[in-house]
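Hi,

Here is the structure I promised to pass on. Have a look at it first, and then read my notes below.

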Amino acid sequence: MVTTDTLGAADSFAADAGVTFPNAFDQQDELLSDLGRRGAPFTFFVAADGTLAYTEAGAVSSYDELRQLVADHLGVTL
């Protein structure tokens with residue numbers, strides 16, 4: 001989820017980083033506020049039914065870490 005950039009800058013960053021998974025854009029920080037979160041980064045794991053399954057506070061530093069978090073909290077193997 002992008003909260004502190006413009007949509008164009010976020011799209012450009014995602015393209016440069018090779019991001020292929022869906023991202024959300026919340027420039028007004030409405031979702032973070034609704035979730036009681038301040039600051040960044042946070043990684044939100046959303047279940048297939050649309051519910052928030054888990055929130056990881058702080059940076060996810062590697063693909064291996066992300067893969068493990070996805071497996072642990074969504075039951076999906078990447």
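Which residue in β2 is the bridge partner of F45? The partner is Y54.

Before the rest, some ground rules. This is a predicted model, where local features need pLDDT of at least 70 and side-chain atom pairs count only at pLDDT 80 or more, while totals for chains, interfaces and linings use all residues. Numbering starts from 1 along each chain as its sequence is written, and side-chain values use heavy atoms, with hydrogens and water left out.

Back to those strands (helices, H or I, of at least four residues and strands, E, of at least two are DSSP runs, numbered from the N terminus). β1 covers residues 42–46 and β2 covers residues 52–57; they pair in the antiparallel sense over five bridges (pairing takes at least two bridges found by DSSP). Together they make a hairpin with five residues between the strands, and G50 in that turn has a positive phi of about 90°.

T55 sits in β2. Is T55 buried or exposed? It's buried, because its relative accessible area is 17% (buried is under 20%, exposed over 50%, partly exposed in between, with a 1.4 Å probe and protein chains only). Not counting residues up to four places away in sequence, T55 touches R37, F42, T43 and F44 (contact means heavy atoms within 4.5 Å).

L35 lies in the loop between α2 (30–34) and β1. With 32% relative accessibility, L35 counts as partly exposed.

Finally, α3 (residues 63–74) has 12 residues, and G75, which follows α3, has a positive phi near 70°.

Cheers

Terms used: Expected span 1.5 Å × (residues − 1).
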